[in-house]
Amino acid sequence: MSEKAAKQLHHDPEKGEPLALVRTLDPSGSIINIGTLRLDPTGSALIPPPTSDPLDPLNWSQSQKYTCISIVCFFYFLFTYLATATIPSFALLQEQFDATYTQVNWTFAIPSLGLALGPLFCSALADIYGRRIVIIGGTCIALVASGCTSIHGISLHGYMVARFFQGFGASPAATVGLSIINDVSFEHERGFRIGLWVMAIDLGALFGGFIGAFIATIDQYWIAYHVTILFAALFAAECLFLPETLFPRALVLASEEGALGNHNQEARPLEPLKIKRTKELGYLSVRKIPGVIHPKPWDTTIRATKIFAYPTVVISTFSFVFFQYWWICSLLTMEPAAYATYKLQVQGLFFLGLILGTVIAEVFFSGRLSDWLVMFLAKRNNGQRTPEMRLWLGYPAAVLSSLGLLIWGLSIDKEWHWITGQIAFFLYGAGIQIGNTALSSYIVDSYYEHTMDIITFYTVVINLSCFAEPWFINTWVVSSGYTWSFAVQAIICTFGVIPTYVILQKFGPKWRKPMTLGKAETRTP
C-alpha cells in the first residue's frame with residue numbers, strides 16, 4: 001500500500017530538538033497515524049532512531065549520559081596509564097630485576113599484548129551478557145593484577161605475567177567502552193564524544209609518565225600501589241553509577257511502529273515491551289540480555305578476521321597506526337634515556353608538552369570541529385553525510401606529528417634548550433589527538449551497526465603495534481642516533497598518512513560495501 005506523509009517543523013520544549021510532525025495517510029487520504037520525528041541540528045532524522053521508551057539510553061538526561069561517558073573515559077585513561085606509569089622508574093626496575101634497559105622496556109610492551117588480546121574475549125560477552133558486567137569483570141582482573149605487581153621479591157617473569165593481566169583486564173575500556181558511548185549518543189554527537197574517549201587514552205599514556213615520575217621518587221612499589229588504588233576507585237564508580245546500556249532497539253522500534261501503524265481495533269498487547277531492559281536488569285545481572293542478537297563467544301575473533309575484507313577500515317587503520325600512532329611509544333620509552341641527566345621530577349614535567357598539545361587539540365580542533373565540519377560539508381552535499389568527510393582533519397594531524405618527531409630528535413642530538421623539546425612534544429600530541437579522533441570517527445561512521453567489531457579490530461591492531469615497537473626502538477636509536485631515527489619516523493608519518501587519506505577520499509565510497517559478518521540467533525524474549 002502506498003503512503004504519503006506531510007511534515008511540519010517545530011521544537012521539543014524539553015529536549016530543545018527540532019521535530020517534524022508526520023501525518024501518514026492511506027491512498028484515500030485518511031490519516032492513519034500522527035507522530036513526531038526528532039531531528040538533528042541540520043534538520044535530518046536522528047541516527048540511530050530513538051524510541052519513546054524512557055529506558056532507552058538515547059532518552060536519558062544529559063547528566064546520566066555524561067556520567068556513563070565519564071566512567072568509560074576514566075577506564076580508558078587507565079587503559080594506557082597503567083602501562084606508562086612505570087616508565088620513570090625504569091632505572092629502579094633495572095636494579096630490582098638486575099636487567100638491562102631493553103629488558104625493562106619489555107615490561108612496557110607486555111601490557112599492550114594483554115590490551116590487544118583482551119577484546120577478542122570480552123567483546124562478544126558484552127553483546128551477550130551486557131556492557132556493565134563485562135566492564136566490572138575486567139576492572140576486577142586489572143585491580144588484582146595491579147596489586148600483584150607491587151609484591152616485593154617478585155621475579156621479572158612473574159612481574160611480566162602480572163603486567164599482561166593488567167592489560168587484559170583493562171581491555172574492555174576500548175571496545176565495550178566505545179559501545180557504551182555509542183549506546184547513549186546520536187550520530188551528530190559522536191565526533192565530540194569519541195574525541196573525549198580518544199583524549200582519555202592519549203592523556204592516560206602521558207599522565208602516567210608525568211605522575212609516575214613524582215611517585216618514583218619514593219620507590220617503584222608505590223607506583224604499583226597508586227595504580228591499584230585508581231582501579232579500586234573505578235570499580236566503585238562502575239558498581240554505583242554505571243547502568244546497563246545495551247538496549248533492544250530494533251525490537252522496541254518494531255513494536256512501536258506496529259502499534260502506531262495498526263489503525264484497526266485488532267491490536268493486541270505487545271509482549272516484547274514486557275522484557276526487562278537497561279535499568280530494569282538489576283544490580284549485577286549475569287543473564288543474557290533479552291531481545292538482542294547474541295553472538296557466539298568466539299564470534300569476535302572470527303569477525304575481526306573477516307574485517308580484512310573491508311578495505312576502507314583496514315587501509316585507514318593500518319596507515320594511521322603504523323605511519324603515525326605507534327611512534328608515540330618511541331617518545332614515551334626513550335624520554336627517560338634522552339633526559340637521563342635530569343631529576344625524575346623534571347623528567348615527569350617534560351610530559352607536559354604532550355599533555356597540553358593533546359588537551360588543546362581536543363578543545364579547539366578535534367571532536368567538535370569534526371562534527372561541525374561534517375555538518376558543513378553535508379549542507380553542501382544536499383544534506384548527505386559521508387564518512388570520508390571525517391578524514392579532512394587527518395592531513396594537518398599528520399603534518400603536526402611529523403614536525404614534532406623531527407624537532408624532538410634534533411633537539412636531543414643537538415642539545416638544544418629543553419623548551420624546544422616541549423614544543424616538539426606539543427606538536428606531536430596535538431597531531432595524535434586530532435588524527436586519532438578523525439580515524440576513529442571515520443571507521444565508526446563507515447559501519448555504525450558493527451561498532452563493536454570495528455573497534456575490536458582497531459584495538460587489536462593499535463595495541464599490537466605498541467607491543468612490537470618497544471622491542472626495537474632502543475636498539476634503533478643507539479645505532480642511528482636520535483636525529484636520524486626520529487627523522488625517518490617523521491618522513492614515514494607524512495608520506496604514509498597523507499597519500500593514503502587522499503586515496504580513501506577518492507575511492508572510499510566505491511570500496512565501501514555492506515558489512516556482512518554473519519548473524520547470530522536472536523533469543524526469544
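Predicted model: local features only at pLDDT ≥ 70, side-chain atom pairs only at ≥ 80, totals over all residues.
View 1. A cavity is a set of points, on a 1 Å grid over the protein atoms alone, where a 1.4 Å probe fits but cannot get out, and its lining residues have an atom within 4 Å of a point.

**View 2. A look at the centre of the second largest cavity.** Its volume is about 120 Å³, taken as the space filled by probe spheres set on the grid points, which are joined across faces, edges and corners. Of its 15 lining residues, Thr86, Thr149, Tyr159, Gln220 and Ala224 are the closest to the centre. Two or more lining residues come from each of α2 (90-97), α5 (156-170) and α8 (220-241). Helices are DSSP runs (H or I, at least four residues), numbered from the N terminus. Helix α8 gives the most, with five residues.

**View 3. Meet the largest cavity.** The largest of the four cavities of 30 Å³ or more has a volume of about 150 Å³. Among its 16 lining residues, Thr80, Phe108, Ala205, Tyr325 and Cys466 are the closest to its centre.

**View 4. Helices around the largest cavity.** Helix α1 gives the most to this lining, with four residues. The lining residues divide into 12 nonpolar, four polar and no charged.

Residues are numbered from 1 along each chain as its sequence is written. Local features need pLDDT of at least 70, side-chain atom pairs count only at pLDDT 80 or more, totals for chains, interfaces and linings use all residues, and side-chain values use heavy atoms, with hydrogens and water left out.

Technical notes: 1 Å grid on protein atoms, 1.4 Å probe; cavity = no way out; pocket = protein on both sides within 12 Å on 5 of 7 lines; lining within 4 Å. Nonpolar A, V, L, I, M, F, W, Y, C, P; charged D, E, K, R; others polar.
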